[in-house]
Amino acid sequence: MVEQFVGKWKMTSSDNFDEYMKAVGAGFASRQMANLAKPSLSIAVDEQGFISMKAVTTFKTLEIKFHLDEEFDETTADDRKVSKCIMDDVVAVRTYEKDV
């Protein structure tokens with residue numbers, strides 16, 4: 001199933017992202033930078049089944065690796081270590097389209 005997402009993607013829209021960032025505890029300066037960024041996203045799968053998602057912006061590059069259906073820890077763009085986050089039912093939608 002993941003194979004259909006492998007490749008490069010560009011963000012086309014972002015809705016309610018600032019409220020989401022507030023809910024997960026991001027500070028004002030981090031939220032401002034994140035809201036200005038328009039990340040390109042690369043998705044790959046390695047031989048062991050690890051999924052790699054690499055988000056590149058002019059501010060920072062972030063990469064996470066994980067297996068589907070397994071919890072994993074993540075370091076956020078503002079260098080916070082997180083595993084599960086409670087977002088107070090705040091939902092953000094960031095839409096990407098395949099970059100061909």
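T75 is a handy way in: at 32% relative accessibility, T75 counts as partly exposed, a label for anything between buried (under 20% relative accessible area) and exposed (over 50%), using a 1.4 Å probe and protein chains only. T75 sits in strand β5; strands here are DSSP runs of E with at least two residues, helices are runs of H or I with at least four, and both are numbered from the N terminus. Leaving aside neighbours within four places in sequence, T75 is in contact with L62, R80 and K81, where contact means heavy atoms within 4.5 Å. E63 lies 12 residues from T75 in sequence and 9.1 Å away in space, C-alpha to C-alpha.

A quick word on what you're looking at: this is a predicted model, in which local features need pLDDT of at least 70 and side-chain atom pairs count only at pLDDT 80 or more, while totals for chains, interfaces and linings use all residues. Numbering starts from 1 along each chain as its sequence is written, and side-chain values use heavy atoms, with hydrogens and water left out.

From T75, hop to its contact R80. The side chain of R80 meets that of D78 in a salt bridge, 3.0 Å from N to O; the term asks for a side-chain nitrogen of Lys or Arg within 4 Å of a carboxyl oxygen of Asp or Glu. Both partners are partly exposed, D78 at 24% relative accessibility and R80 at 24% as well.

The structure holds six salt bridges. One of them joins E97 and K10, at 3.6 Å from N to O. This pair ties together distant parts of the chain, with E97 in strand β7 and K10 in strand β1 (residues 7-15), 87 residues apart. E97 is partly exposed at 38% relative accessibility, and K10 is too, at 37%.

D18 has 22% relative accessibility and K22 has 40%, partly exposed.

Now for the inside. The largest nonpolar core has seven residues: V2, W9, L41, I43, I51, I64 and F66. To qualify, residues must be buried Ala, Val, Leu, Ile, Met, Phe, Trp, Tyr or Cys, joined through side-chain atoms within 4.5 Å. Strands β2 and β4 are the elements that give two or more residues to this core. F66, beyond its neighbours within four places in sequence, is in contact with G49, F50, I51, M53 and F72.

Finally, the largest pocket has a volume of about 1,400 Å³. A pocket is an open set of points on a 1 Å grid over the protein atoms alone, with protein on both sides within 12 Å along at least five of seven lines, and lining residues have an atom within 4 Å of a point. Points are joined across faces, edges and corners, and the volume is the space filled by probe spheres set on them. Of the 39 lining residues, F17, A55, L62, E74 and R94 are the closest to the centre. The largest share of the lining, five residues, comes from β4.

Terms used. On a 1 Å grid over the protein atoms alone, a cavity is a set of points where a 1.4 Å probe fits but cannot get out, and a pocket is an open set with protein on both sides within 12 Å along at least five of seven lines; lining residues have an atom within 4 Å of a point.
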